[in-house]
Amino acid sequence: MWVAIAKTEWGTIPGKADKNGTCWYSYFWKEYRTSQEFAYVTSIRPTKLVKSDSPPPLAILSGYQTDGAGYVYAAVAETDWGTIPGKAKGDTCWYPYGNAEHKTNNFSWVVLDE
């Protein structure tokens with residue numbers, strides 16, 4: 001899975017994507033998917049995963065939800081099903097899996113490496 005950003009009716013939402021052109025994202029406790037309105041997150045600079053209670057310097061700001069949640073960052077959740085890309089704000093990460101949105105405090109921020 002790769003980090004991706006979906007263009008949705010609720011704004012741009014970070015999620016996960018596969019190599020076959022499908023993106024899954026979570027919103028309001030549901031998992032959604034698209035094969036058209038998304039982009040893979042890429043960088044010419046190396047990236048790393050950083051554990052922190054708030055966005056560390058150089059965290060990848062990758063979305064904006066129009067429902068009042070505001071800006072969200074690319075993150076990778078540590079789950080019972082493995083590592084899953086999602087979105088983070090503050091000390092919480094939300095990720096899509098199994099037709100639902102899940103939340104966790106066990107995650108890492110996707111950060112540009114210095």
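**Figure 1. Glu101, a buried residue of strand β11.** In this predicted model, Glu101 counts as buried, at 8% relative accessibility. Its place is in strand β11, which spans residues 100-104. Although Glu101 and Tyr27 stand 74 residues apart along the chain, their C-alpha atoms are separated by 6.5 Å. Leaving aside neighbours within four places in sequence, Glu101 is in contact with the run Ser26, Tyr27, Phe28, Trp29, Lys30 and Glu31, and also with Lys87, Trp94 and Tyr95. Two polar approaches involve the side chain of Glu101: a polar contact of 3.0 Å joins it to the side chain of Ser26, and one of its polar atoms lies 3.0 Å from the backbone nitrogen of Trp29.

Figure 2. Most residues other than glycine have a negative phi. Trp29, in the loop between β3 (23-27) and β4 (30-34), has a positive phi near 70 degrees. Its relative accessible area of 46% makes Trp29 partly exposed. The backbone nitrogen of Trp29 is the atom that lies 3.0 Å from a polar atom of the Glu101 side chain. Asn99 is not a glycine either, and its phi is positive, at about 65 degrees. The loop that holds Asn99 runs between β10 (92-97) and β11.

**Figure 3. Thr104 in strand β11.** Thr104, like Glu101, is found in strand β11. With a relative accessible area of 15%, Thr104 is buried. A polar atom of the Thr104 side chain lies 2.9 Å from the backbone nitrogen of Asn106. Beyond residues up to four places away in sequence, Thr104 touches Ala77, Asp91, Thr92, Cys93 and Tyr95. Tyr95 is also in contact with Glu101.

Figure 4. Across the whole structure, a search finds 9 aromatic pairs. One of them joins Phe38 and Tyr40: the ring centres are 5.2 Å apart and the planes lie at 70 degrees, so the pair is edge-to-face. Within this pair, Phe38 is buried, with a relative accessible area of 17%, whereas Tyr40 counts as partly exposed at 35% relative accessibility. Phe107 and Trp109 form another edge-to-face pair, with 5.2 Å from centre to centre and 65 degrees between the planes. Here Phe107 counts as buried at 3% relative accessibility, and Trp109 is buried with a relative accessible area of 0%. Ring pairs also link Trp10, Tyr25, Tyr27, Phe28 and Tyr32 into a cluster.

**Figure 5. The largest pocket and its lining.** The largest pocket holds about 170 Å³ of space. Two elements each give two or more residues to its lining, namely β1 (2-8) and β6 (47-50). The lining residues are Met1, Trp2, Val3, Val41, Thr42, Ser43, Thr47, Leu49, Ile60, Val76 and Val110. By type, the lining divides into 8 nonpolar and 3 polar residues, with no charged residue.

Technical notes: Residues numbered from 1 in each chain as written. Predicted model: local features only at pLDDT ≥ 70, side-chain atom pairs only at ≥ 80, totals over all residues. Heavy atoms only, no water. 1 Å grid on protein atoms, 1.4 Å probe; cavity = no way out; pocket = protein on both sides within 12 Å on 5 of 7 lines; lining within 4 Å. Points joined across faces, edges and corners; volume = space filled by probe spheres on them. Helix = DSSP H or I, 4+ residues; strand = E, 2+ residues; numbered from the N terminus. Nonpolar A, V, L, I, M, F, W, Y, C, P; charged D, E, K, R; others polar. Buried < 20%, exposed > 50% of the residue type's maximum accessible area, 1.4 Å probe, protein only. Polar contact = N/O pair within 3.5 Å; in protein donor to acceptor, adjacent residues only side chain to side chain. Contact = heavy atoms within 4.5 Å. Phe/Tyr/Trp six-rings, centres within 6.5 Å; stacked < 30°, edge-to-face > 60°.
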